[in-house]
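Trainee: I want to go through a protein model with you, one question at a time. Keep the answers brisk, please.

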Amino acid sequence: MGPDSSQDAQTVSQVGEFGLIDRVTSGRQQSPGTLIGPGDDAAVLAAPDGRVVATTDVLVEQVHFRFDWSTPRQVGRKAVAVNLSDIAAMGAVPTGLLVGLGCSQDTPTEVVDELSAGMWEEAQQVGIGLVGGDMVSATALVISVTALGDLQGRQPVTRSGARPGDVVAVAGRLGWAAAGLAVLGRGFRSPVAVVGAQRVPEPPYAAGPLAAEAGATSMVDISDGLLADLGHIATASGVAVDIRNELLEVPQRLSEVASALGADARHWVLTGGEDQALAATFPPEVALPEGWRAVGVTAEGQGVTVDGAPYEGSSGWEHWR
Ligand SMILES: Nc1ncnc2c1ncn2[C@@H]1O[C@H](COP(=O)(O)OP(=O)(O)OP(=O)(O)O)[C@@H](O)[C@H]1O
Ligand SMILES: Cc1ncc(C[n+]2csc(CCOP(=O)(O)O)c2C)c(N)n1
Ligand SMILES: [Mg+2]
Ligand SMILES: [Mg+2]
Ligand SMILES: [Mg+2]
């Protein structure tokens, strides 16, 4: 953390808006592409490629995280990770982050310090920094992260380029965060791996640019569920997607948690969000890049099926549903 502008302060209202901004911005090492960082009316980042990739995801307390389930540092990491995975899903690398934070006046300054520390931790995994943001009073704790990225000369990999006959592949974990959500939801707080996955995703950041270089025809990150997010590729590309159960590994760890809870591990793998894995389609002649595994195929048609049949039940998370 940067220097404490008010050593004995307990809440954000005692430090004030600008004190809070000082706390989270001072003493931070920005990446060399940051021409102007926090402190002016806007940041200025180098855009080596001439194009800028931009994405925003908002996280709300009680909807996306709970402080009795996760520490503020873990929430900070997750808020950044879910945005960095969207950059990766375009085949880009991240260049900088902007963070909007809303919190009530009695929020302990330590919570903001730790959120900020978590965001910086995740940002530094990919060598970037927080170049700006905003702080406002709010009735619920809300975090809005905007990530910017660079395509490094590659074409963006959209959701709309899949062709019939492509191979559907994934990189990263599937179902782990959903299993962790089930564990936490039943009141267990044990630090098992799946709970760790729900608290802090580990998106396969490098797999996005690798897929783009290998010639992926479409790509998406899995925030809502494999079937739900492949549905966006199916719709945008005008193809049918079929997931093959025999290709879809259900990790032993998930099966163990599922049998302890009386749940279905395969359902978590097919429909669980928040692992921020990547799913992409590749022409059949392409060798899958490192970290990618085939899970299905595309065909003429529409919609997403599992072994040729529509999936019974919800295919993933949808707000307000
Ligand atoms: N309020 C909005 N105004 C304009 N565009 C929006 C708005 N909300 C979402 N979008 C756009 O709609 C598209 C789909 O958004 P969505 O949030 O579902 O994607 P995502 O961020 O990949 O998924 P998730 O939020 O589950 O991580 C994105 O291109 C997003 O920028
Ligand atoms: C307290 C609590 N309750 C439920 C969940 C589960 N959850 C929330 S949002 C989401 C999908 C991605 O969201 P978005 O589409 O906004 O990116 C999922 C699976 C959670 N993480 N924490
Ligand atoms: Mg979104
Ligand atoms: Mg996404
Ligand atoms: Mg979503």
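This is a predicted model: local features need pLDDT of at least 70, side-chain atom pairs count only at pLDDT 80 or more; totals for chains, interfaces and linings use all residues.

Mentor: Residues are numbered from 1 along each chain as its sequence is written, and chains are lettered from A and ligands numbered from 1 in the order in which they are written.

Trainee: How far apart do the C-alpha centres of domain 1 and domain 2 lie?
Mentor: Domain bounds come from an automatic or database domain assignment. Domain 1 spans 12-150 and domain 2 spans 167-310. Their C-alpha centres are separated by 26 Å.

Trainee: Which helix gives the most to the side of domain 1 that touches domain 2?
Mentor: Two residues are in contact if their C-beta atoms, placed from the backbone, lie within 7 Å. The contact uses 15 residues from domain 1 and 17 residues from domain 2. Helices (H or I, at least four residues) and strands (E, at least two) are DSSP runs, numbered from the N terminus. Ten residues on the domain 1 side come from the top contributor, helix H2 (residues 72-89).

Trainee: What is the order of the open sheet of four strands?
Mentor: Two strands pair if DSSP finds at least two bridges between them. Strand S3 (53-60) and strand S5 (130-137) are the edges, each pairing on one side only. Strand S4 (residues 93-103) and strand S6 (residues 142-150) are antiparallel over nine bridges, with glycine 96 opposite leucine 148 in S6. The pairing is mixed, and the order is S3-S6-S4-S5.

Trainee: How many residues of strand S7 are buried?
Mentor: A residue is buried if 20 or more other C-beta atoms lie within 10 Å of its own, exposed if 12 or fewer, and partly exposed in between; C-beta atoms are placed from the backbone. One side of S7 holds Val167, Ala169 and Ala171, the other Val168 and Val170, and all are buried. For strand S7 (residues 167-171), the count is five of five.

Trainee: Which residue in S11 is the bridge partner of valine 168?
Mentor: S7 pairs in the antiparallel sense with strand S10 (residues 277-282) over five bridges. There, alanine 171 faces leucine 278. S7 also runs antiparallel to strand S11 (residues 293-300), over four bridges. In S11, valine 168 is partnered by glycine 296.

Trainee: Why is helix H6 largely enclosed by the rest of the structure?
Mentor: Its cover includes H2, S4, S7, strand S8 (218-222) and S10. The buried residues are Ala207, Gly208, Pro209, Leu210, Ala211 and Ala212. Helix H6 (residues 207-214) is largely enclosed because the buried ones number six of its eight residues.

Trainee: How many residues surround ligand 2?
Mentor: Each of domain 1 and domain 2 supplies at least three. By class, five are nonpolar, four polar and four charged. The closest are Arg66, Ser223, Gly273, Glu274 and Trp317, and the number around ligand 2 is 13.

Terms used:
A residue is near a molecule or strand if its C-beta atom, placed from the backbone, lies within 6 Å of it. Ala, Val, Leu, Ile, Met, Phe, Trp, Tyr, Cys and Pro count as nonpolar, Asp, Glu, Lys and Arg as charged, and the others, Gly among them, as polar.
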